[in-house]
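Please read them with the model open beside you.

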Amino acid sequence: MNLSAPFIARPVATVLLMATVALAGIVAFPLLPVAPLPQIDAPTIQVTATLTGASAQTMASSVATPLERQLGQIAGVSDMTSFSAMGATSVTVQFDLDRNIDAAAQDVQAAITAAGNNLPRAMTTPPTYKKLNPTDAPILVLAASSDALPLTAVSDAVDNFLARKISQIPGVAQVSLGGAQQPAIRVQADPGRLAAVGLTLEQVRTALVAATTDAAKGAIDTPTTSFAITANDQIIHPQPFEDVVLAYKRGAPIRVRDIGRAVAAAADRNAAAYHNHRPAILLTVYKQPDANVIATVERIQSELPRLVSDIPRAITIDTVLDRTVTIRAAVRDVEFTLVLGVILAVLVVGLFLRNLWATLVPGITIVLSLLGAFAAMWLFGFSLDNLSLMALTLGIGFVIDDAIVVVENIQRHVENGLPPMQAALEGSREIAFTVFSISLSMLAVFVPLLLMGGIVGRLFQEFSLTMMASIMVSMLVSLTLAPMLCSRFMRRGDGLHGRWHDRIEAAFGALLVGYRRTLDGVLRHPATTMGVFLATVASALALAIWIPKGFFPIQDTGLIQGLAEAAQGTSPEEMRRQERQLERGAVARPRRGRRRLLDRHDGRQRLCADRQHGALPDRAQAARTA
């Protein structure tokens with residue numbers, strides 16, 4: 001039985017079949033998302049809760065513990081960690097890889113509701129959750145600054161509009177603000193004056209809350225008309241706060257100006273962020289676990305001009321960090337390697353076969369195999385990432401073997417005098433089972449990778465399926481299109497002749513003579529050969545133990561991050577001063593002979609230092625993008 005005979009006898013149908021494979025790959029390639037690695041994010045949800053003024057110990061015992069008790073009862077929880085600081089706590093819940101994150105979110109919300117009775121009653125807002133992996137790096141960092149507006153106005157515009165609109169974009173999990181300066185009114189009381197009039201800070205706070213409550217006023221009804229009273233009791237400027245009556249002593253009112261003053265300032269004076277040595281508000285964007293980095297950033301960048309047009313023009317938005325730059329560069333490098341591998345493979349085939357059609361047929365097989373693999377990747381929901389492209393690059397050596405075996409066997413019959421049609425039928429019949437068995441054996445090699453579990457299994461499942469798809473398409477092309485083309489176009493004596501033919505033959509002859517002499521020497525000294533073999537094995541084992549190990553190779557992404565920790569008890573002002581000094585030292589031009597800390601690229605350099613105090617531990621980070 002000859003599997004290739006029907007395709008050799010029906011060239012039009014064979015060409016249409018291969019055209020379908022090619023068209024499917026051409027259409028699927030632009031639709032494939034681009035990513036650094038296969039999408040294997042573990043379903044992770046972060047629960048946050050705040051209680052103003054509470055210590056870290058209080059947050060851990062009164063807030064984190066009840067939440068952990070309820071969250072730990074959810075099915076499918078693989079890992080749970082919590083972090084508590086002054087006034088804030090965060091609980092990160094990670095689920096099994098096969099758990100649906102939307103269903104897990106519903107269970108988390110139910111657990112938060114169940115824990116509500118055990119949480120402190122002083123909590124003004126219930127705990128919230130977000131589909132976010134805190135260990136993920138941000139996909140985009142924007143800096144908002146202005147030379148004309150105060151930083152409180154910039155923070156208010158960014159928080160109330162820009163950050164919320166970006167959060168609504170599909171794929172965005174969270175937009176956190178670094179150095180947020182929310183506008184507020186601060187009443188600065190003099191302890192001496194308070195003691196003189198017999199007031200406490202709690203009495204002052206209670207009086208201020210009562211004076212700024214926006215309560216219902218009712219309505220005024222007349223026989224013909226009804227008027228709703230819409231007066232606003234809230235005070236939004238410092239000057240009216242000066243006249244607020246705090247208490248009455250001996251029949252005389254005691255006002256705010258009698259015990260201190262009211263000033264307009266930021267709600268949190270301990271938060272600060274800088275971009276290019278200027279105070280700024282940093283918008284750090286994180287993606288959802290199931291979102292694609294490239295697609296999410298592209299959506300944000302396409303919407304950003306429209307969103308920026310709705311905030312004051314005096315506010316400038318700059319891009320500090322864009323992860324897609326390094327991701328696209330890495331994928332382009334792998335794509336170039338893939339194309340170069342195809343070209344070199346075809347050149348090597350032509351060098352050995354020295355026949356035009358015998359060279360073109362394997363080349364066509366490689367292209368069709370890659371296009372078929374692209375179609376299979378789109379069907380499986382894969383992406384163009386480093387692992388899938390590496391699978392295609394390595395697969396070139398596998399997919400070309402089938403076509404070479406078929407073409408070479410047919411060419412042998414043609415050189416022996418058979419007509420091309422008969423040579424194609426006879427050669428494909430002889431080699432069909434061999435090609436089929438070789439392809440099946442190569443497919444069997446990747447089956448164990450499909451059965452692996454955990455994150456490593458998820459990573460190499462895409463690698464394996466991509467490789468297997470290319471091998472299967474290669475087998476199909478080698479048993480259909482390759483013999484059909486040989487039956488129509490291969491002729492005896494079409495090989496390359498002349499000076500180049502003679503030189504190539506001479507080179508191959510010299511190579512064969514050298515191999516024969518080397519083999520004779522090895523066979524005459526079996527003891528030495530075995531000694532070299534054992535030494536090589538021992539060296540390989542020693543190097544395997546000694547060589548550094550890691551999950552993925554370290555890549556240079558063009559980003560340097562630094563974390564600064566100061567002694568416990570360091571004031572926020574002192575921490576800010578030290579961080580600014582650290583920033584100036586990091587970007588200063590080093591002296592000659594000293595090792596460069598940061599190298600300029602194309603004369604452009606962007607730096608940011610971000611620091612939060614209170615809800616999160618003090619930190620300073622310097623980032624640079626070109």
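1. Strand β6 (residues 172–178) is mostly covered, with six of its seven residues buried. Buried here means under 20% relative accessible area, exposed means over 50%, and partly exposed lies in between (1.4 Å probe, protein chains only). Strands (E, at least two residues) and helices (H or I, at least four) are DSSP runs, numbered from the N terminus.

2. This is a predicted model, in which local features need pLDDT of at least 70 and side-chain atom pairs count only at pLDDT 80 or more, while totals for chains, interfaces and linings use all residues. Residues are numbered from 1 along each chain as its sequence is written, and side-chain values use heavy atoms, with hydrogens and water left out.

3. Which strand is joined to β6 by six bridges? The partner is β15 (residues 281–287), and the two run antiparallel. Strands count as paired if DSSP finds at least two bridges between them.

4. Helix α5 (residues 151–167) bends by about 40° at V158. The bend at a residue is the angle between axes fitted to the seven residues ending there and the seven starting there. V158 is also one of the buried residues of α5, which include V154, A157 and L162. Among the elements that cover these buried residues are β6, β15 and α10.

5. Helix α14 (residues 420–450) has 31 residues and reaches 42 Å from its first C-alpha to its last, close to the 45 Å expected at 1.5 Å a residue. The expected span is 1.5 Å times one less than the number of residues. α14 bends by about 40° at I431, and I431 is among its buried residues. Others include P420, G427, V435 and F446. Their cover includes α1 (5–9), α13 (386–415) and α15 (454–489).

6. Side chains of opposite charge can pair when their charged atoms come close. A salt bridge is a side-chain nitrogen of Lys or Arg within 4 Å of a carboxyl oxygen of Asp or Glu. By this rule the count comes to eleven.

7. One of the salt bridges joins the side chains of E298 and R328 (2.6 Å, N to O). E298 lies in helix α10 (residues 293–308) and R328 in helix α11 (residues 323–353), so the pair ties together parts that are 30 residues apart in sequence. Both are partly exposed, E298 with a relative accessible area of 40% and R328 with 29%.

8. E573 forms a salt bridge with R576, and the closest N and O atoms are 2.7 Å apart. How far apart are E573 and R576 in helix α18 (residues 572–587)? They are three residues apart, which separates them by about one helical turn. E573 is exposed at 53% relative accessible area, whereas R576 is buried at 13%.

9. In the salt bridge between R193 and D190, the closest N and O atoms are 3.9 Å apart. R193 is partly exposed, at 40% relative accessible area, and D190 is partly exposed too, at 34%.

10. Finally, the whole chain. The protein chain has 18 helices and 18 strands, and buried residues make up 38% of its 626 residues. Among contacts (heavy atoms within 4.5 Å) between residues at least 6 apart in sequence, 77% join residues at least 24 apart.
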